Amino acid sequence: MTDRAVAVAAAPRKDAADPATTTAPVRRAAARAVARRATLAGWLLLVPALGFYIGFVIWPLFQGVQYSFYDWNGIGVARWVGFENYLTVFTDPDLLGAIRNAFVLIAFFTFIPVGLGLVLATLIRGIRNKAFAATAQTVLFLPQIIPLAAAGIAWSWMYAQTGAVNQILGWIGFGWITRPWLADYGTALPAVGLIGSWVLTGLCTVLLLTGLGKIDVSLYEAIRLDGAGWWREFFTITLPGLRQEIAVLVTVTVIAALSSFDIIYTSTQGGPGRATLVPGLSIFRIGFTQSDVGLASAFGIVLMVLVLVVVLPIQRLSRASDS
């Protein structure tokens with residue numbers, strides 16, 4: 001065999017395929033196929049929930065916006081009125097009073113439960129008897145699992161002239177301030193607000209206790225070695241470490257205050273007069289008692305916007321403080 005023949009035989013064949021170059025495109029194609037199947041499976045799993053969300057949230061919201069521009073009793077022919085319903089919402093003193101009452105309830109549904117929750121969570125965390133601490137958490141959380149309608153009925157009995165609240169006040173020497181709390185124009189709204197405080201304090205305490213469990217214990221040990229007291233420990237470590245939990249609780253409780261209905265309906269039905277009237281109850285009355293679907297829809301949209309206007313800045317401040 002000549003040298004040329006040997007060189008030709010030793011040289012690689014140009015038509016011989018490199019295994020690395022042939023398998024790489026196949027692998028990429030297979031990976032794309034797997035990704036497409038995973039995406040399709042994800043969408044198929046999402047379709048039922050998305051269908052329910054569109055059917056029971058998006059579509060009713062769209063219809064509510066549509067109805068708000070009409071004068072309609074829910075049965076007859078609807079008449080286009082434009083922004084007249086929204087103008088009524090912002091000029092009717094009863095509806096404005098309902099909005100004002102809802103903002104007053106924020107003090108009872110938000111500030112009191114979150115403040116008490118912070119104190120109680122800190123105290124329970126310091127209890128060395130774990131069984132007693134667990135019992136305290138359970139007792140505090142019990143009001144949260146009671147239906148709000150039942151809580152409103154029970155407290156309406158206790159607030160009566162001969163109810164438990166007045167009896168306890170008489171026993172401790174404060175009988176001179178006893179009254180039918182829910183029938184008094186000056187005390188009805190704060191009394192209803194205290195029911196909300198009682199319901200929400202347990203939720204705030206339990207969630208804040210969970211947040212306290214995430215704070216590094218060494219931080220407390222270090223600040224105690226520096227001779228810091230309870231107040232400095234609370235404001236330096238505990239409060240900053242619970243920013244996210246506090247933001248969540250403020251958001252949830254503010255929404256509960258602005259959209260309150262169950263407690264008001266079962267305890268006072270908006271009375272006496274309109275002293276405890278709130279937007280949720282006003283929307284119910286306008287839509288189902290007065291049969292003014294357009295005005296009720298407009299008030300519902302305004303309430304939704306108010307909730308967003310109050311809640312979104314809270315979320316923005318929380319994210320800014322975290323960053």
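**Note on the predicted model: surface patch, cores and salt bridges**

1. Surface patch. W43, L46, L50, F52, Y53, I54, F56, V57 and I58 make a nonpolar surface patch of about 920 Å². Patches take residues with over 30% relative accessible area and no salt bridge; like charges are joined within 9 Å, and nonpolar side chains (Val, Leu, Ile, Met, Phe, Trp, Tyr) within 5 Å. Accessible areas come from the Shrake-Rupley method with a 1.4 Å probe, and for residues only the protein chains shown count as cover. One of the patch residues, L46, sits in helix α2 (residues 19-67). Helices here are DSSP runs (H or I, at least four residues), as are strands (E, at least two), numbered from the N terminus. L46 counts as partly exposed because its relative accessibility is 39%. The classes are buried (under 20% relative accessible area), exposed (over 50%) and partly exposed in between, with a 1.4 Å probe and protein chains only.

2. Basis and confidence. This is a predicted model, in which local features need pLDDT of at least 70, side-chain atom pairs count only at pLDDT 80 or more, and totals for chains, interfaces and linings use all residues. Residues are numbered from 1 along each chain as its sequence is written, and side-chain values use heavy atoms, with hydrogens and water left out. The chain averages a pLDDT (the predictor's confidence in each residue, from 0 to 100) of 87. At least 70 is reached by 91% of the residues. Helix α3 (residues 84-91) has the highest mean among the elements, 95. Helix α1 (residues 3-10) has the lowest, 50. Where pLDDT is low, the predicted coordinates should not be read in detail.

3. Main core. The largest nonpolar core has 49 residues. Such a core is a set of buried Ala, Val, Leu, Ile, Met, Phe, Trp, Tyr and Cys residues joined through side-chain atoms within 4.5 Å. L105, Y159, L208, L212, I246 and L258 touch the most other members. Helix α4 (residues 93-125) gives the most to this core, with 10 residues. I246 touches V114, L118, L208 and L239, leaving aside residues up to four places away in sequence. Contact means heavy atoms within 4.5 Å.

4. Second core. A separate core of 12 residues includes L95, A296, A298 and F299.

5. L169. This residue belongs to helix α7 (residues 164-171). L169 is buried, at a relative accessible area of 15%. Beyond residues up to four places away in sequence, L169 touches F174, G175, I177, T178 and W181.

6. Salt bridges. The structure holds 5. The criterion is a side-chain nitrogen of Lys or Arg within 4 Å of a carboxyl oxygen of Asp or Glu. E245 pairs with K214, with the closest N and O atoms 2.8 Å apart. E245 lies in helix α11 (residues 243-258) and K214 in the loop between α8 (188-213) and α9 (217-225), so the bridge ties together parts 31 residues apart in sequence. E245 is buried at 8%, whereas K214 is exposed at 59%.

7. Further pairs. R79 bridges to D71 at 3.1 Å between the closest N and O atoms. R79 is partly exposed at 48%, and D71 is partly exposed at 33%. R224 and E233 meet at 3.2 Å, N to O. R224 is partly exposed at 47%, but E233 is buried at 11%.
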